[in-house]
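Here is a brisk report on one structure.

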Amino acid sequence: MPDPNGFLRYDRRLPARRPVPVRISDWREVYPPAGEELIREQATRCMDCGIPFCHDGCPLGNRIPDWNDLVRTGNWDAAVESLHATNNFPEFTGRLCPAPCEAACVLGIGGGQPVTIKQVEVEIADAAVARGGLRPRPVPAPTGRSVAVVGSGPAGLAAAQQLARAGHAVTVYERDDAIGGLLRYGIPDFKLEKQHIDRRLAQLAAEGVQFRTGVDVGVDVTAEQVRAEHDAVLLACGALQGRDTLETPGRQLRGVHQAMAHLVAANRVVAAADDGRPALAVLPDGTPIDAAGKHVVIIGGGDTAADCLGVAHRQGTAGVHQLDLYPEPPQTRDAARDPWPTWPWVLRNYPAHEEGGERVFAVAVQEFVDDGTGQVKGVRIAEVSVEKRDGRRIVTPLPGSERELPADLVLLAIGFEGTEQQPLLEQFGVRRNARGAVDARPDWQTDADGVFVAGDMHRGASLIVWAIAEGRAAAAAIHSYLGGVGELPAPVDPARQPLAAR
Ligand SMILES: Cc1cc2nc3c(=O)[nH]c(=O)nc-3n(C[C@H](O)[C@H](O)[C@H](O)COP(=O)(O)OP(=O)(O)OC[C@H]3O[C@@H](n4cnc5c(N)ncnc54)[C@H](O)[C@@H]3O)c2cc1C
Ligand code: SF4
């Protein structure tokens with residue numbers, strides 16, 4: 001029986017982040033481990049309310065009140081088991097999820113303090129490692145059926161693990177030189193150290209999953225070859241087509257880049273250092289890209305922009321402006337606009353924001369300014385108002401509001417336009433829809449029979465928790481397509497949307 005008064009005795013508390021001057025001098029994670037006393041106290045705040053709305057907030061349907069109570073009572077092994085029953089990779093979500101479950105926590109009604117669900121989750125995930133490691137599960141007798149998973153992000157890996165555990169032979173194809181998708185070279189180490197991925201991959205490999213890196217499906221092997229080798233295919237290629245601003249004067253200048261170019265280059269340097277190899281942050285063509293000593297302007301307000309900000313600080317930027325088209329959101333939930341338990345539009349402060357830089361809201365770039373040699377030297381911005389008319393976004397500059405910001409490096413973090421247009425699509429006979437995503441039928445198959453889709457490639461750029469949920473659900477559909485015995489868990493269907501009032 002959970003403690004019904006825990007939330008009255010204890011306030012919401014998170015562990016202190018490492019001090020800014022210390023953490024920006026390395027690439028290690030921002031949060032230290034919380035410590036057992038704090039985490040048991042915080043788990044005690046969960047009152048196991050009759051209808052746990054947090055379940056609906058979490059796309060995985062994580063059994064949050066169950067494992068909160070197991071942590072409260074010090075039953076760590078059972079908590080590890082309960083958490084892994086619904087989530088293949090809680091060490092990723094516990095570190096990186098924006099926690100829609102917390103927005104749906106009953107303790108958050110009326111501006112209250114939700115349970116620190118995500119923090120409890122990561123502590124359970126880390127306890128699994130500390131208490132004997134991520135032991136592989138015993139694999140059942142082989143079914144004789146084989147599945148190709150294209151793309152090794154969280155969607156592909158979750159599906160691969162589920163299918164291997166059902167006895168199917170699984171091969172994951174990844175065009176990059178390492179497995180992990182955006183977790184590997186997109187998300188910086190200060191949010192997710194890569195040892196967490198490597199540990200999980202060792203478990204998958206021990207459970208029988210085969211990995212083939214450096215294989216661009218559609219280029220290095222054809223869809224026809226993949227289909228001939230396997231009984232089913234899951235496409236989990238992400239939504240990596242970065243949005244651009246080609247119409248803005250000066251876009252072609254040196255020093256104006258897609259944010260991902262900056263992140264991938266920086267993350268590769270960290271990965272090389274971890275292997276004891278010196279490296280420079282360079283673009284694929286060898287051009288250096290680094291914020292050291294430079295004035296940086298980041299355009300965009302989401303995860304990618306915040307990650308660029310943290311990277312710029314660690315590289316030794318001379319100063320950063322982060323620009324957002326929209327006005328500054330409120331600090332707290334506007335209950336009329338986003339009633340509990342939906343995901344609210346509020347100002348999100350990432351740890352990178354307390355490390356420095358200036359956020360500028362309600363502005364749009366009018367021009368990237370040339371220094372006379374073809375290199376960017378500044379960004380001319382104007383204050384703007386934004387409204388929606390007939391579903392279209394209308395951005396109106398305010399006359400006389402223009403000013404220039406210094407900029408030696410400009411990073412475009414203005415979102416993604418769906419999955420990349422690449423040979424694989426035509427070869428498998430699947431098409432991008434108007435959003436640049438690939439549609440799935442209710443059983444997760446694309447227009448091509450036996451070819452399934454999951455994760456960002458289906459949903460559009462989203463979150464790790466959705467990628468894992470879709471990977472698990474697509475695996476269940478593939479298992480049934482292959483005539484597998486019994487059913488695998490399917491936490492979402494292809495039409496499932498986040499909790500929203502509008
Ligand atoms: C900078 C950044 C920061 C983010 N931070 C967060 C965060 O803090 N929290 C959060 O929840 N979400 C975050 N996200 C979103 C999250 O990373 C994605 O939603 C998630 O990774 C999607 O998983 P996926 O498996 O669908 O695809 P991805 O992780 O994108 O993986 C797709 C993989 O497919 C491979 N691939 C593509 N085509 C081929 C091919 N033809 N052959 C072989 N391989 C191929 C790609 O190389 C890639 O490795 C962030 C995204 C970005 C860009
Ligand atoms: S995966 Fe995300 S939404 Fe689900 S319990 Fe963890 S933090 Fe909450």
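## The shell around ligand 2

Helix 9 contributes the most residues to the shell around ligand 2, namely 3. Helices here are DSSP runs of H or I with at least four residues, strands are runs of E with at least two, and both are numbered from the N terminus. The model is predicted: local features need pLDDT of at least 70, side-chain atom pairs count only at pLDDT 80 or more, and totals for chains, interfaces and linings use all residues. Residues are numbered from 1 along each chain as its sequence is written, chains are lettered from A and ligands numbered from 1 in the order in which they are written, and side-chain values use heavy atoms, with hydrogens and water left out.

The shell consists of Cys-58, Asn-62, Ile-64, Thr-93, Cys-97, Ala-99, Pro-100, Cys-101, Ile-117, Lys-118, Glu-121 and Val-465. A residue belongs if one of its heavy atoms lies within 4 Å of the ligand. Helix 8 (100-103) and helix 9 are the elements that give two or more residues. By class, the shell holds 8 nonpolar, 2 polar and 2 charged residues. Nonpolar covers Ala, Val, Leu, Ile, Met, Phe, Trp, Tyr, Cys and Pro; charged covers Asp, Glu, Lys and Arg; the others, Gly among them, are polar.

Helix 3 spans residues 36-44. Its buried residues are Leu-38, Ile-39, Glu-41, Gln-42, Ala-43 and Thr-44. Buried means under 20% relative accessible area, exposed over 50%, and partly exposed in between, with a 1.4 Å probe and protein chains only. The cover over these residues includes helix 1 (6-9), helix 5 (64-72), helix 6 (76-84) and helix 9 (117-130).

Helix 18 runs over residues 464-481. Its 18 residues should span 26 Å at 1.5 Å a residue, and the end C-alpha atoms are 25 Å apart, which agrees. The expected span is 1.5 Å times one less than the number of residues. Helix 18 is mostly covered, with 16 of its 18 residues buried. Gly-483 follows helix 18 and has a positive phi, near 75 degrees.

## Aromatic pairs and charges over rings

What describes a pair of aromatic rings? The distance of the centres and the angle of the planes do. The whole structure holds 4 aromatic pairs. Rings of Phe, Tyr and Trp (its six-membered ring) pair if their centres lie within 6.5 Å; planes under 30 degrees apart count as stacked, over 60 as edge-to-face and the rest as tilted. Trp-27 and Phe-190 are stacked, at 6.4 Å centre to centre and 25 degrees between the planes. This pair links distant parts of the chain, 163 residues apart. Trp-27 sits in the loop between helix 2 (20-23) and helix 3, and Phe-190 in the loop between helix 11 (182-185) and helix 12 (195-206). Phe-190 is buried, at 6% relative accessible area.

Phe-53 and Trp-340 have ring centres 4.8 Å apart and planes at 65 degrees, so the pair is edge-to-face. Phe-53 is in helix 4 (residues 53-57) and Trp-340 in the loop between strand 7 and strand 8, 287 residues apart. Phe-53 is partly exposed at 28% relative accessibility, and Trp-340 is partly exposed at 22%.

Charges also sit over rings. The charged end of Arg-268 is over the ring of Tyr-185, 4.0 Å from its centre. Arg-459 lies over the face of Trp-466, 3.8 Å from the ring centre. The criterion is NZ of Lys or CZ of Arg within 6 Å of the ring centre and within 35 degrees of the ring normal.

## Backbone details

Trp-340 and Pro-341 are joined by a cis peptide bond, with omega about 10 degrees. Pro-341 lies in the loop between strand 7 (319-323) and strand 8 (358-360).

Ala-362 is not a glycine, yet its phi is positive, about 60 degrees. Ala-362 is buried, with a relative accessible area of 18%. Asp-390 also has a positive phi, near 50 degrees. Asp-390 is exposed, at 81%.

## Ile-289 in its loop

Ile-289 is in the loop between helix 14 (259-274) and strand 6 (295-299). Is Ile-289 buried or exposed? At 2% relative accessibility, Ile-289 counts as buried.

Key
Contact means heavy atoms within 4.5 Å.
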